[in-house]
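Subject: A structure for you to look through

Hello! Here is the structure I promised you, and below it are some notes to read with the model open beside you.

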Number of protein chains: 2
Amino acid sequence: MKLKPSKLNLKDRIKRLEKLIDASLALSSTLNIDDLLNLILQKAEDVMEAEASSVFKIDPEKNVLYFLTARGVKGKEAKNIQIPMGKGIVGWVAEHGKPLLVADVTKDKRWFSVVDKKTKFITRSILAVPLFVKGRIIGVAEVLNKRGNRQFNKDDLEMFMSLGNQIAIAVENASLYKELDELFLSSIRAIVEAVDAKDPYTRGHSARVVEFSLLIGKQARLNKKRMKDLEVSAILHDVGKIGIPDRILGKPGKLTFDEFAYMKNHPKFGAEIIEPIAELKRLSPNILHHHERFDGNGYPDGLKGDSIPLYARIIAIADTLDAMTSDRPYRQRMENNAAILEIERCAGSQFDPQLVKIFMNAYGKTT
Amino acid sequence: MKLKPSKLNLKDRIKRLEKLIDASLALSSTLNIDDLLNLILQKAEDVMEAEASSVFKIDPEKNVLYFLTARGVKGKEAKNIQIPMGKGIVGWVAEHGKPLLVADVTKDKRWFSVVDKKTKFITRSILAVPLFVKGRIIGVAEVLNKRGNRQFNKDDLEMFMSLGNQIAIAVENASLYKELDELFLSSIRAIVEAVDAKDPYTRGHSARVVEFSLLIGKQARLNKKRMKDLEVSAILHDVGKIGIPDRILGKPGKLTFDEFAYMKNHPKFGAEIIEPIAELKRLSPNILHHHERFDGNGYPDGLKGDSIPLYARIIAIADTLDAMTSDRPYRQRMENNAAILEIERCAGSQFDPQLVKIFMNAYGKTT
């Protein structure tokens, strides 16, 4: 690859290096990979004077590259595009592990025009660098179209390679964090599912309560962090059933008054399991109160209205919906529509009427 | 604070900026904070030409600063030193959130000589910068004693502030990762403890098996990652008891033949709970085989010798030790020494003889 010698004087070079350092300050300031990459690429475009930029990650199983972030092109279209390894400029960089500077893509044999067609972006020039982590290539970063119809040069290449190293590390760290987070969620999910499965009639119950709860949460426009808290609370809402004897939990028939009275301890038992966990302690009220009723006639504390934690109110709806639409030893499952109407009927008595409205809207969207 | 104007020419300045970028490449390349900080500080000493360097983190509850890393001083002595907020140069920087350049510490009123006394390091000059994450101060970084009896200057300060931002982010990311890891461990621990507690005679059993297993693992010099795998396997070794009915699990007396036969399913149930969890699947053999015997007479598969996974062989010893030294409804707990002798007696039959040796050594150290 032929490069023009750098025309920048020393002062300009310092300025650009300082900008690059500035960019690196933004790096890793968050483990949220979307925000992070957007920030880095914004800085890269700034330093490199580029019109657009993207980061691709390699999926080693499918042997393709997919967009992690695409700035300056229509993001939604880009998200679903997959580029086979070795295909196009980006695929070439991924396969060879070498940077590539293409001044005019229309004159390059490797050029793969499918992405432009799908995103309706017109690429003129590309500077693409491989992303390495501990000697392993994990993706490709690129900047597109130097502003003012100029060409990317040797300085740009050097800087982008330096920035590429940092992007690689940030992507890797965020992946490690995500993996650990998935490990946490799937572990508690697996154990709770084993508890559900002790009673053949509640198999899969917690997973469905999570699903319904998140449907309501999404409709209520909870942000990412709140959705996560709701999800963890919903996964764990019945964890206290570990403390309920099998002869009650799996009884093939209706519970006696005393058995039911004991069964009512499960929210308390659940909260007790969660409380010693520093990071989950704040979620324990959601578990403790998921059997409260909006009118104050629930248990364990007879809380009323908004004094019942929001997520507990959401889980209460989801929990009841799943209970009604599942078979029980002493009755058959209710039809979905009948169950929905029953929830609507109980707005204001058993359930938070505002949340029931949100639930009805959410449900309307799924059917 | 008075600073000499920078005497560096442009070329030198570029060189140093490039070194700094180089340093930033090392940043975040690992979420292991010890390795990471050591790498960054090494680069910082290189760029700043310093004899030593440290990073301190603030403990907001105790209102003190403690060493995260100390290079060039006697690390072990440093590790246990705590500096009250506001005390010394470092404490001043932490309290005021401003960088500080002290050319001669003996002439500075803020100088706190206790650390030097404890570490036997002689500090002449200090350049210390606050570490900020999203506007919140989380610690302090310092370089000590510019080489060749020279003084830290304005350029050093600028660069170290820039590097300080990156250190802050790296420390923060590593903390977030550590928190999530603790959340994962404490969650599965809490749920498993609830399962143990179903039978009053096994309350705390899993926690003790973890403790004994790690004692053996440490003596066997397993590395950090292996110790972690052993810990998770040990926490989960009895998770399959979720699938055993209470009338067997909590029976106040010896189990019948049929009951015992059913009880023997718990390693299989445990492995089945773990297997769907992508990141834990590889640990499921440790759970499945923790009741195998070295002579092949164990269950479920009658595996023999080294074909039993290492961690399962370790857990087998730890599990038996705890069972013998705990009361059971039908017998009293054995004395510790008698239990140890019993394990030694079963070397080669029930247990891996090499691991029994290691266990005896480990145990010798704790008593």
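**Two helices of chain B**

Helices H2(B) and H6(B) are roughly antiparallel to each other, because angles over 145 degrees count as such. The axes of H2 (residues 33-48) and H6 (residues 154-196) of chain B cross at roughly 175° and come within 11 Å. Axes here are lines fitted to C-alpha atoms, for helices over the stretch in contact, and angles run from 0 to 180 degrees between N-to-C directions. Helices (H or I, at least four residues) and strands (E, at least two) are DSSP runs, numbered from the N terminus.

Before going on, please note that this is a predicted model: local features need pLDDT of at least 70, side-chain atom pairs count only at pLDDT 80 or more, and totals for chains, interfaces and linings use all residues. Residues are numbered from 1 along each chain as its sequence is written, while chains are lettered from A and ligands numbered from 1 in the order in which they are written.

Which residues of H2(B) meet H6(B)? Among them are B:Ile33, B:Leu36, B:Ile40 and B:Ala44, and on the H6(B) side the partners include B:Met159, B:Leu163 and B:Ile167. Such contacts need C-beta atoms, placed from the backbone, within 7 Å.

Buried residues in H7(B) include B:Val209, B:Phe212 and B:Ile216. A residue is buried if 20 or more other C-beta atoms lie within 10 Å of its own. After H7(B) comes B:Arg221, with a positive phi near 55°.

**The sheet in chain A**

Now turn to chain A, where six strands form an open sheet in the order E3-E2-E1-E6-E5-E4, with antiparallel pairing. Two strands pair if DSSP finds at least two bridges between them. E3 (82-84) and E4 (100-102) of chain A stand at the edges with a single partner strand each, so one side of each has no neighbour in the sheet. On average, neighbouring strands are turned by 25° against each other, direction ignored.

E1(A) (residues 50-59) and E2(A) (residues 64-71) pair over seven bridges, and A:Ile58 stands opposite A:Leu65 in E2(A). These two strands form a hairpin with four residues between them, and A:Asn63 in the turn has a positive phi of about 55°. E1(A) also pairs with E6(A) over seven bridges; there, A:Phe56 has A:Val140 as its bridge partner. Seven of the ten residues of E1(A) are buried.

How many bridges join E5(A) and E6(A)? There are eight, in the antiparallel sense. Their hairpin has two residues between the strands, and A:Lys134 in the turn has a positive phi of about 50°. E5(A) is mostly covered, with six of its eight residues buried.

**The cores**

A nonpolar core is a set of buried Ala, Val, Leu, Ile, Met, Phe, Trp, Tyr and Cys residues joined through C-beta atoms within 7 Å. The largest one has 90 residues, and A:Ile191 and B:Ile191 are among those with the most contacts inside it. A second, separate core of 48 residues includes A:Leu41 and A:Leu127.

Happy exploring!

Conventions:
A residue is buried if 20 or more other C-beta atoms lie within 10 Å of its own, exposed if 12 or fewer, and partly exposed in between; C-beta atoms are placed from the backbone. Angles under 35 degrees count as roughly parallel, over 145 as roughly antiparallel, 65 to 115 as roughly perpendicular and the rest as oblique. Two residues are in contact if their C-beta atoms, placed from the backbone, lie within 7 Å.
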